[in-house]
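Thank you all for coming; I would like to walk through one model this morning, slowly, so that we can look at it together.

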Amino acid sequence: MSKILSFDMGKINTAFALTEEGRLIKCGTVKRPISDLTDKNFNSQKMRFITEIKELMEDLSKDDAVVVERFQMRQFNSGAQIELISVMLGLIASQSPCAVYPVTAATWKNSYLNTYGENTMEAFFNDAYSEHECDAIGLGLWYFEKETQKKSAFLKKFHGSTPVVHRQT
């Protein structure tokens with residue numbers, strides 16, 4: 001496993017991060033999420049979403065990984081929101097050239113809390129990225145550390161400095 005493409009899923013804000021060997025390559029927000037399953041344009045939304053996801057996955061090989069944050073019911077979530085995100089997760093999994101690993105937010109965030117002593121990825125990243133980008137970055141780097149038993153070079157040297165990364169526009 002060299003590259004990890006990670007996603008923090010949301011109905012409006014779905015963020016991604018691409019890391020390679022524990023280094024952040026790029027991150028950003030998916031521009032064309034599926035917004036409505038009842039919309040008569042669902043199939044065109046689906047195709048636009050798939051096109052964007054395929055572009056993000058174009059450099060992945062079968063030895064890489066896609067890690068997605070599982071979407072779980074919370075007090076303020078609606079059934080429609082859960083449906084939309086589940087559809088997008090399924091489309092990501094169906095398009096991936098490599099294994100896909102769904103992870104709960106609590107699993108990776110509690111691990112970071114225990115390792116780095118920070119309450120949130122937003123605090124760790126010093127407001128350099130959006131909340132969703134922070135989660136996508138953190139998820140990908142957590143998975144790298146878990147699988148390789150190495151510390152991410154990005155996380156080791158980031159604290160107190162400004163990162164250099166290409167933000168997807």
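Let me begin with strand β1, which is covered on both of its faces: Lys3, Leu5 and Phe7 on one side, and Ile4, Ser6 and Asp8 on the other, are all buried. When I say buried I mean under 20% relative accessible area, with exposed meaning over 50% and partly exposed lying in between, for a 1.4 Å probe and protein chains only. Because 6 of the 6 residues of β1 are buried, the strand is largely enclosed by the rest of the structure. The helices (H or I, at least four residues) and strands (E, at least two) that I mention are DSSP runs, numbered from the N terminus.

What I am showing is a predicted model, in which local features need a pLDDT of at least 70 and side-chain atom pairs count only at pLDDT 80 or more, while totals for chains, interfaces and linings use all residues. Residues are numbered from 1 along each chain as its sequence is written, and side-chain values use heavy atoms, with hydrogens and water left out.

Which strands does β1 pair with, and in what sense? β1 and β2 pair in the antiparallel sense over 6 bridges, where pairing requires that DSSP finds at least two bridges between the two strands. These two strands form a hairpin with 6 residues between them, and within it leucine 5 stands opposite leucine 18 in β2. With strand β4, residues 65–69, β1 pairs in the parallel sense over 4 bridges, and there serine 6 has valine 67 as its bridge partner.

Now to the charged residues. Side chains of opposite charge can pair when their charged atoms come close. I count a salt bridge when a side-chain nitrogen of Lys or Arg is within 4 Å of a carboxyl oxygen of Asp or Glu, and the structure holds 4 of them. One of these joins glutamate 52 to arginine 32, with the closest N and O atoms 3.6 Å apart. This pair links distant parts of the chain, since glutamate 52 sits in helix α1 (residues 42–57) and arginine 32 in the loop between β3 (23–29) and α1, 20 residues apart. Glutamate 52 counts as buried at 6% relative accessibility, whereas arginine 32, at 31%, counts as partly exposed.

A further salt bridge runs between aspartate 135 and lysine 109, whose closest N and O atoms are 3.2 Å apart. Aspartate 135 lies in helix α5 (residues 131–148) and lysine 109 in helix α3 (residues 105–116), so the pair ties together parts that are 26 residues apart in sequence. Here aspartate 135 is buried, with a relative accessible area of 6%, and lysine 109 is partly exposed at 34%. Aspartate 63 also forms a salt bridge, with lysine 62, at 3.4 Å between the closest N and O atoms; aspartate 63 is partly exposed at 48%, and lysine 62 is exposed at 66%.

How many disulfides are there? If we ask for a pair of cysteine sulfur atoms within 2.5 Å, the count comes to 0. Cysteine 27 is in no disulfide, and the nearest cysteine sulfur, that of cysteine 134, is 8.3 Å away. Cysteine 27 counts as buried at 0% relative accessibility, and cysteine 98 is buried too, at 10%.

Two backbone details may be worth a look on your screens. Glutamate 21, in the loop between β2 (15–20) and β3, has a phi near 50°, a positive value in a residue other than glycine, and it is partly exposed at 39% relative accessibility. Glutamine 149, in the loop between α5 and α6 (153–158), likewise has a positive phi, near 60°, and is exposed, with a relative accessible area of 68%.

Let me end with confidence, given as pLDDT, the predictor's confidence in each residue from 0 to 100. The chain has a mean pLDDT of 83, and 79% of its residues reach 70 or more. Confidence is highest in strand β1 (residues 3–8), at 97, and lowest in strand β6 (residues 166–167), at a mean of 44. Over residues 159–167 the pLDDT is below 50, and this stretch has 17 contacts in the model beyond near neighbours in sequence, a contact being heavy atoms within 4.5 Å.
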